[in-house]
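Hi,

Here is the structure I said I would pass on to you. Have it open while you read the rest of this email.

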Amino acid sequence: MIDLTILRFVPEIEHMISIIGGTGLEGRGLAMRLVIAGNQIILGSRSKNRAETIADEIRRLCPGSKIEGASNLEAARKGTVVFLAVPFVNQMDVLQELKMYLTEKLVVTVVVPLKFQGGRAIYVDVPEGSAAAQAQQILCTSKVVAAFQNLSAHDLINHDSKLEGDVVICSDDSRAKRLIMEMVGTIPSLRGVDGGGLENAKYVEQLTVLLLNINRNYKANVSIKLIGIQA
Ligand SMILES: NC(=O)c1ccc[n+]([C@@H]2O[C@H](COP(=O)([O-])OP(=O)(O)OC[C@H]3O[C@@H](n4cnc5c(N)ncnc54)[C@H](OP(=O)(O)O)[C@@H]3O)[C@@H](O)[C@H]2O)c1
């Protein structure tokens with residue numbers, strides 16, 4: 001169980017970060033940025049072999065990084081902070097399966113419910129309000145934090161390039177939210193922005209859909225940066 005009274009985020013000391021669905025582009029990109037920042041990562045997959053292969057690849061690209069591959073189940077069990085990076089259509093099944101290992105833990109969801117139609121991204125309405133709200137409903141004893149939905153895997157995975165932008169973070173647990181804001185701050189040039197409670201996660205998720213459609217219009221790879229915050 002994570003001790004949320006420890007508010008300073010100190011990589012390598014208090015936290016073992018797991019990524020469920022870590023073999024995908026987003027999970028892999030997050031893993032790279034987080035290991036470079038000095039965190040220990042367990043990359044999860046339905047196939048332990050696949051996770052180990054990707055972990056080896058990341059170790060080769062980022063020498064000295066502390067990363068191992070594991071089954072999703074093992075990753076959920078060992079992680080103190082557990083990222084969820086699977087497609088939205090699979091979120092419910094994955095969480096039902098892992099729920100018992102996530103009790104009381106901090107779960108960070110990057111999931112965006114979207115589909116593509118005629119090349120354009122469309123937000124998929126979720127009865128619970130958002131993918132993050134659905135995750136919190138399933139994981140009723142976990143502290144769900146929504147974050148990183150607006151950062152593209154393409155930007156994350158180019159680990160030599162500077163990441164620029166803001167990561168809006170929403171959660172109903174203010175300590176969990178602060179901890180993830182500090183975690184974001186360990187990644188150079190990224191800033192964590194307090195996005196309020198989990199009820200705001202739907203707007204952050206929807207913004208990703210807009211960004212994808214802007215990317216298509218401009219053949220670009222945009223991210224967001226908010227101005228006017230005096231921090
Ligand atoms: N790609 C982006 O730029 C981006 C940006 C922001 C947010 N996101 C969000 O991040 C999440 C992951 O995105 P992604 O692009 O990395 O997706 P992805 O490559 O399609 O999937 C990620 C991983 O999910 C696992 N997975 C696939 N089908 C599954 C199933 N039926 N059951 C359980 N696990 C399954 C796979 O891992 P294994 O086969 O190894 O188990 C896969 O590598 C999505 O929810 C997406 O909306 C993505």
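Below is what turned up, beginning with the ligand and moving on to the cores.

One thing to keep in mind is that this is a predicted model.

The space it takes up is the largest pocket. Two elements, H1 and helix H4 (88-98), each give two or more residues to the shell around the ligand. H4 has the largest share, with three residues. There are 21 residues around the ligand, and the ones that come nearest are Thr23, Ser45, Arg46, Arg50 and Val86.

Two of them use backbone atoms: an oxygen atom of the ligand lies 3.1 Å from a polar backbone atom of Leu25, and an oxygen atom of the ligand lies 3.0 Å from one in Glu26. With Asn90 it is the side chain that takes part, as one of its N or O atoms is 2.9 Å from a nitrogen atom of the ligand. How much of the ligand does the protein bury? Taken alone, the ligand exposes 880 Å², and the protein buries 74% of that.

In soluble globular proteins, nonpolar side chains tend to be buried together. The largest nonpolar core here has 36 residues, and Val81, Phe83, Phe148 and Ile180 touch the most other members. Elements that supply at least two residues of this core include strand S1 (16-20), helix H2 (48-61), strand S4 (81-84) and helix H7 (174-185). A second, separate core has 33 residues, among them Tyr123, Ala132, Ala146 and Ile224.

Cheers

Technical notes:
Residues numbered from 1 in each chain as written. Predicted model: local features only at pLDDT ≥ 70, side-chain atom pairs only at ≥ 80, totals over all residues. Heavy atoms only, no water. Core = buried A, V, L, I, M, F, W, Y, C linked by side-chain atoms within 4.5 Å. Buried < 20%, exposed > 50% of the residue type's maximum accessible area, 1.4 Å probe, protein only. Helix = DSSP H or I, 4+ residues; strand = E, 2+ residues; numbered from the N terminus. Near = heavy atom within 4 Å. Polar contact = N/O pair within 3.5 Å; in protein donor to acceptor, adjacent residues only side chain to side chain. Areas by Shrake-Rupley, 256 points an atom, 1.4 Å probe, with all protein chains shown as cover. 1 Å grid on protein atoms, 1.4 Å probe; cavity = no way out; pocket = protein on both sides within 12 Å on 5 of 7 lines; lining within 4 Å. Sits in = over half its atoms within 2 Å of the grid points.
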